[in-house]
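User: Hello! I am new to this structure and would like to learn how to read it. Could you take me through some features, one at a time?

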Amino acid sequence: MFAGHERDLRAFVRSMGLDWAAADDVMQTVSLVMWRKWHEYDVDSDFMKWARVITRFEVLKYRRKMARDRHVFREDVMSLLAGVVEEVDASSSSDEFRDALQACLKMLPEKSGHLIRAAYAGDRTIREVADDVGQSATAFYKTLNRIREKLRQCVRQRLNAT
């Protein structure tokens, strides 16, 4: 079951903002945890739902361990990203999700796209980016949350249309 869904689980891990190396580490841990908890799995239930719960907890554990690294998304961002992925219809592949997200990112107004890239690229803190755009950190977080919500809605619409 794990081998058949590993690609989708890996995409789920990556959707929460982890790089490839971190995703590899988390996936190894996920496979071990799932192996240990296999006796708890109900074969009549949805495997991916069960696997995503375990995976999400393992990503959160990894994040707590790496909390001092500024290149890792905050827990609320990861929860938002994970929530979007979980909302995706089971028939949607990780490739469809990635394509929808890329298309939605391209459709953002120029200013919004710049803010998202500035917030998640490079080695600057949110406070530094907020200062650059003339906002308080709190106002900038609110702006980012509005942009993320637009992205979530756009991805959902694109996936529902396919």
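Analyst: Gladly. Let's begin with a charge over a ring: NZ of Lys or CZ of Arg must be within 6 Å of the ring centre and within 35 degrees of the ring normal. Here arginine 52 lies over the face of phenylalanine 12, at 5.8 Å from the ring centre. This is a predicted model, where local features need pLDDT of at least 70 and side-chain atom pairs pLDDT 80 or more, while totals for chains, interfaces and linings use all residues. Residues are numbered from 1 along each chain as its sequence is written, and side-chain values use heavy atoms, leaving out hydrogens and water.

User: Which elements does the chain have, and how many?

Analyst: Elements are DSSP runs, numbered from the N terminus: helices (H or I) of at least four residues and strands (E) of at least two. This chain has 8 helices and 0 strands.

User: Which residues of α1 are buried?

Analyst: Buried means under 20% relative accessible area, exposed over 50%, and partly exposed in between, using a 1.4 Å probe and protein chains only. In α1, the buried residues are Leu9, Arg10, Phe12, Val13 and Ser15. Across the 162 residues of the chain, 38% count as buried.

User: What is a nonpolar core?

Analyst: A nonpolar core joins buried Ala, Val, Leu, Ile, Met, Phe, Trp, Tyr and Cys residues through side-chain atoms within 4.5 Å. The largest one has 20 residues, of which Val13, Leu18, Val26, Met34 and Phe47 touch the most other members. Helices α1 (2-15), α2 (20-37) and α3 (47-65) each supply at least two residues of this core. A second, separate core has 18 residues, including Ala119 and Val129.

User: How are the rings of tryptophan 38 and tryptophan 50 arranged?

Analyst: Rings of Phe, Tyr and Trp (its six-membered ring) pair if their centres lie within 6.5 Å; planes under 30 degrees apart are stacked, over 60 edge-to-face, and the rest tilted. The structure holds 6 such pairs. Tryptophan 38 and tryptophan 50 have ring centres 5.8 Å apart and planes at 75°, so they are edge-to-face. Tryptophan 38 sits in the loop between α2 and α3 and tryptophan 50 in helix α3, so the pair ties together parts 12 residues apart in sequence.
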